[in-house]
Structures are given as structure tokens and as C-alpha cells.
Amino acid sequence: QAAEHTLYNQYEEKIRPCIDLVDSLRALGINKDLSLPAIAVIGDQSSGKSSVLEALSGVALPRGNGIVTRCPLELKLKRLPDGQAWRGKISYSNVVTDLQSASEVDNAIREAQDVVAGPRGAISEELISLEIWSPDVPDLTLIDLPGIARVAVGDQPEDIGEQIKMLLRRTIGCKETINLVVVPCNVDIATTEALKMAQEVDPSGERTLGILTKPDLVDRGTEESIMRILENRVIPLKKGYMIVKCRGQQDIQNKLTLAAAIQQERNFFANHKHFSTLVEEGKATIPHLSVKLTNELVNHIIKSLPALESQVRETLHKTLQDLQKYNRGTPKSESEKLIFLTDLVKLFNQDISRTMRGEEQLFGNEIRLFTKIRREFKAWGTILHEYDVKGK
């Protein structure tokens with residue numbers, strides 16, 4: 001236990017601060033101006049994306065037919081020492097709600113999506129943030145994106161597929177984003193939209209990691225082709241591929257717990273004729289995936305920090321320069337506000353007087369008011385003349 005405690009302290013000192021730093025910057029809205037390191041999760045519909053995120057987070061996420069994830073979901077996982085209680089928090093728009101148990105997460109996300117994107121199946125770019133503190137999760141932040149759809153269903157807009165692709169491109173196209181592409185084993189990997197999109201924005205495969213799901217659905221005799229993908233010999237990616245087996249719909253109906261599913265996954269790979277060696281190589285199972293993702297994210301953050309710091313300093317310098325143009329800040333007391341308002345009215349009157357004398361101050365490519373008026377009167381004169389001719 002002492003050794004485990006020491007290991008946890010080292011982990012906290014080295015890994016948690018890196019992830020917390022980027023999470024806090026994103027919470028401040030800096031990602032609107034600067035690109036922050038992130039892991040984005042994408043996949044075609046029914047790729048098993050939700051199952052992978054469930055297994056990593058230890059909570060049941062919304063499931064169902066059609067587009068279930070309708071907004072980007074920032075999933076912030078924070079590992080606690082053994083024995084501490086699970087707790088969660090969901091934030092969106094101006095709403096912040098504390099969650100007391102993992103069973104509340106599903107409904108909380110659905111309610112958040114209905115508020116942010118509306119109840120009729122539309123999508124939104126607005127971020128929903130879900131924080132989970134638990135001894136059973138890795139230290140990791142992921143951004144779950146809507147599954148790629150091809151056909152609109154029910155009240156969804158007809159161009160819903162293109163809307164989703166545009167939303168995805170804006171996130172995965174960012175050079176600071178690691179793209180986690182989820183692909184089921186029982187489809188031809190070359191035909192999946194998610195991998196095609198990842199290749200479009202990352203043709204060299206530098207920042208893409210492939211996750212193969214549903215290995216229990218592989219047709220007999222095709223195991224060798226799956227092994228070739230995992231050996232990076234089909235569509236090469238610098239970060240390679242991993243394979244996992246998560247809960248299926250039948251497992252959920254049978255009330256198989258996430259903990260039992262992890263054990264079931266371990267047994268599946270250990271006893272598989274072709275895939276058993278992958279566990280030793282660290283290329284299979286959810287526990288190995290969680291370690292891989294945490295290391296990838298932390299290394300990516302450390303690598304990105306110098307450039308990020310430089311961008312922040314540059315933006316701050318420019319903002320301070322712009323701020324100096326406005327002379328003073330917002331007044332606090334009522335008397336200061338009155339003086340401030342009076343000064344504004346005086347300045348406005350001065351501007352009007354200068355404009356009347358043809359001395360107005362111009363910014364950028366602005367045209368003088370006198371020139372604008374001449375153009376307007378010329379156009380007006382032409383219209384009056386045409387009406388005069390018609391009248392005759």
C-alpha cells in the first residue's frame with residue numbers, strides 16, 4: 001500500500017497538473033482564440049464509440065438509434081485515491097449541476113443536449129462539460145463528437161450529415177488535436193467515414209490513433225486481416241492501432257456491470273487463438289487503452305506548452321496595446337459613472353462638431369461623411385430626375 005501511495009503521489013505531481021492546466025484554459029474560453037491540446041473521439045454511427053467511452057469513464061452514456069451525441073461532450077476524468085466516493089458535475093450554457101451517482105449521468109446529458117441543441121434531434125457546436133471524480137477512472141480528458149450520420153431521421157434537418165462533418169472538421173482539423181478514430185472490426189476499415197475524415201485532416205497519420213471494436217463479431221477466417229491492421233500494415237498511422245471489447249446491447253440488457261465487462265474482455269483476449277499476444281504487447285483491452293491515452297495526452301500537452309505560452313503572451317501583448325487606446329477602465333462608483341457618461345456625451349458632441357466642419361476622425365478605410373453624402377445625393381438626384389421624366 002505504501003508503494004501504491006508513493007506511485008499515486010508521483011502520478012499526481014506529474015500528470016494531473018498538465019491535464020488540469022489545459023482543462024482550466026478551456027473552461028476560461030481560451031480555445032475560442034487559441035488551439036488547445038485535446039483528444040477528440042470520432043466514429044461512424046454504431047461504431048462502438050459510446051461503449052469505449054463508457055468503459056473508460058465507468059458511467060453509462062446515452063445510447064439509442066440515430067444520432068445520440070448531438071453536442072461536443074468534454075469528458076473530464078479525474079482519478080481519486082482508493083476508497084474515496086464517486087462524484088460528478090455537468091456544466092453547459094449557464095447551468096452547473098452536481099451529480100451524486102453514476103446512474104444520473106445518462107439523463108443529465110440528455111437534458112443538457114435538449115437545452116443546448118433543442119429536443120428535436122438537431123446538433124450544436126456548444127460544448128457540454130462532464131467532470132467525473134472516481135478511483136476507477138484514468139486521469140484523462142476526451143472530447144466526444146457526434147457520430148457520422150448519412151441519413152436524416154424524423155425532425156432532423158436534411159443536411160444533418162454535412163452539418164456533423166463540418167462540426168467534426170473544425171475540431172479534428174486542429175493541429176493540436178489527437179484524433180481517436182473508432183472502427184468496428186466487422187466492417188471494411190477503408191470504407192469508414194471517420195477514418196477517411198481523419199486522413200483528410202491528417203494525411204501523414206501523425207496525430208491519429210485507431211481503435212478497433214467488436215472483435216467478437218469478426219467472421220471466422222478474417223482474423224489475419226484484423227492482425228494486419230493492428231500491425232499497421234493496411235492504413236499506417238504513426239500512433240498505431242489498439243483493439244478493445246466492450247459491452248454490447250445484449251450485455252446491457254443482461255445488466256452486465258462495467259467492472260464485469262472489463263474482466264470479460266480480459267478473458268476474451270487471453271483465450272483468443274489470434275489476439276492473445278496483443279495483451280502482452282499493450283495493444284488490447286480498455287486498461288491498456290486508458291494508459292496509452294493518458295500518456296499520449298500528457299506528452300502532447302508538454303510538447304505543445306512552449307508554443308501555447310508564446311501564443312498567449314503574443315495575444316496578451318496585443319490586447320494590452322488595444323486596451324491602452326481606451327485610456328481608462330469601467331467606472332465603479334455612481335459619481336464616477338456620472339462623470340464618465342458626461343465625458344462621453346461631450347466627446348460625442350465634439351465629434352459631431354468636427355464632422356460638420358469636415359474634420360472627422362477616420363479609421364482604416366473609412367470614407368469621409370461629406371463624400372458619402374455627395375454619393376447619396378447624387379443617387380437621389382438621379383431617382384428624382386427619372387420620376388420627373390416619367391411625370392412629363
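**Stop 1: a nonpolar patch**

Select Leu369, Ile373, Phe377, Trp380, Ile383, Leu384 and Tyr387: together they make a nonpolar surface patch of about 740 Å². Patch members have over 30% relative accessible area and no salt bridge; nonpolar side chains (Val, Leu, Ile, Met, Phe, Trp, Tyr) are joined within 5 Å, like charges within 9 Å. Areas come from the Shrake-Rupley method with a 1.4 Å probe, and for residues only the protein chains shown count as cover.

This is a predicted model, where local features need pLDDT of at least 70, side-chain atom pairs count only at pLDDT 80 or more, and totals for chains, interfaces and linings use all residues. Residues are numbered from 1 along each chain as its sequence is written, and side-chain values use heavy atoms, leaving out hydrogens and water.

Now pick Trp380. It lies in helix α13, residues 369-391. Helices (H or I, at least four residues) and strands (E, at least two) are DSSP runs numbered from the N terminus. Trp380 counts as partly exposed because its relative accessibility is 48%. The scale: buried is under 20% relative accessible area, exposed over 50%, partly exposed in between (1.4 Å probe, protein chains only).

**Stop 2: salt bridges**

The model has 21 salt bridges, each a side-chain nitrogen of Lys or Arg within 4 Å of a carboxyl oxygen of Asp or Glu.

- Select Glu162 and Arg169. Their side chains form a salt bridge, 3.6 Å from N to O. Glu162 is partly exposed at 40%; Arg169 is partly exposed at 31%.
- Move to Glu281 and Lys283, bridged at 4.0 Å, N to O. Glu281 is partly exposed at 48%. Lys283 is partly exposed at 24%.
- Go to Glu334 and Lys337. The closest N and O atoms of this salt bridge are 3.7 Å apart. The two residues are 3 apart in helix α12 (residues 334-356), so about one helical turn separates them. Lys337 is partly exposed at 38%, while Glu334 is exposed at 61%.

**Stop 3: cysteines**

How many disulfides are there? The count is 0, a disulfide being a pair of cysteine sulfur atoms within 2.5 Å.

Select Cys18 and Cys174. The closest cysteine sulfur to that of Cys18 is in Cys174, 18 Å away, so it is too far for a bond. Cys18 is buried at 13% relative accessible area.

Finish on Cys246, which is in no disulfide; its nearest cysteine sulfur, that of Cys185, is 11 Å away. Cys246 is buried at 16%.
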